[in-house]
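Please look at the sequence and the model shown here, and then follow the paragraphs below step by step.

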Amino acid sequence: MISLSDLRRFKKEGRKFSCLTCYDASMSKAMEVAQIDSVLIGDSLGMTIQGHDSTLPVTVRDMVYHTACVRRANQHAFIMADLPFMAYATTNDALKNAKKVMQAGAQMVKIEGGAWLADTVASLTRNGVPVCMHLGLTPQSVNVFGGYKVQARTRQAADTLLQECRTLVEAGAAILLLECVPAQVGKEVAQAFPETPVIGIGAGADTDGQVLVVQDMLGLTQGHVAKFVYNFMSTQSGPYAILDAIKTYHHAVTTNIFPALEQTFQIELK
Ligand code: KIV
């Protein structure tokens with residue numbers, strides 16, 4: 001089973017790693033067979049599984065249920081689980097809720113936010129819970145952002161993001177996840193922290209790992225599809241098309257074919 005040390009080693013070796021969201025056992029088994037390096041039980045399940053229009057209604061109980069489903073079917077991938085909206089508003093909440101998803105089978109929790117969560121990160125880490133910090137576009141704050149938009153588009157905003165990352169890494173954050181930022185920002189963050197794997201979704205080709213929502217990369221998402229998504233089903237046919245699409249994704253990430261320029265925000269920082 002892949003561990004946090006393996007992901008750190010991959011970064012040192014310049015070996016990119018693959019990550020996909022996963023919420024159920026059959027998809028988790030397919031990801032095990034395809035040797036996906038890491039799976040994320042994302043609170044995106046609020047949309048993809050539950051049909052809500054945001055991640056806000058997702059509960060800790062939902063996360064525990066889906067984490068256990070994924071864990072039972074996968075003995076290969078490093079398993080991360082989101083703490084959902086308001087589940088880490090206080091350090092005590094974070095500890096109590098992290099305990100539940102870790103006991104359900106997660107190896108790490110992911111929380112969204114910035115430097116103000118440094119004490120929470122330190123406390124979780126001290127108590128044996130590795131933390132992935134999700135920065136950039138953080139969907140739990142969609143009502144503060146006023147929509148799903150590319151973040152850190154200016155030099156000043158990118159520097160602020162870098163500083164937030166530094167504070168969080170110093171507090172103990174073991175992985176950083178950047179969503180929807182210019183490729184230049186993804187590159188700068190990955191280079192700034194040689195010991196800390198950086199996962200990107202819409203953060204360009206230079207992060208250490210890549211993640212996509214599995215329904216997006218299987219072409220199941222109706223309506224607006226984000227620029228950073230590629231439909232890996234579009235080149236498949238035959239009886240094992242889904243498994244083949246997941247294998248193709250793993251290959252494309254680990255050989256640096258995905259993301260290509262078309263899936264990247266090329267924005268000059270001014
Ligand atoms: O919940 C989720 O699926 C996520 C990914 C978009 C990174 O946080």
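**The ligand and a buried asparagine**

A polar side-chain atom of K110 lies 2.7 Å from an oxygen atom of the ligand, which falls within the limit for a polar contact (a pair of N or O atoms within 3.5 Å; within protein, one must be able to donate a hydrogen and the other to accept it, and residues adjacent in sequence count only if both atoms are side-chain atoms). Taken alone, the ligand exposes 260 Å², and the protein buries 96% of that, with areas computed by the Shrake-Rupley method with a 1.4 Å probe. For S44, a polar side-chain atom is found 2.5 Å from an oxygen atom of the ligand, while an N or O atom in the side chain of D82 is 3.1 Å from a ligand oxygen.

This is a predicted model, in which local features need pLDDT of at least 70 and side-chain atom pairs count only at pLDDT 80 or more, whereas totals for chains, interfaces and linings use all residues. Residues are numbered from 1 along each chain as its sequence is written, and side-chain values use heavy atoms, with hydrogens and water left out.

Elsewhere in the model, N74 is found in the loop between helix 4 (60–72) and strand 3 (78–82), where helices (H or I, at least four residues) and strands (E, at least two) are DSSP runs numbered from the N terminus. N74 counts as buried because its relative accessibility is 0%, buried meaning under 20% relative accessible area with a 1.4 Å probe and protein chains only. The side chain of N74 reaches the backbone oxygen of S28 at 3.1 Å, and the backbone nitrogen of H76 at 2.9 Å.

Terms used. Buried means under 20% relative accessible area, exposed over 50%, partly exposed in between (1.4 Å probe, protein chains only).
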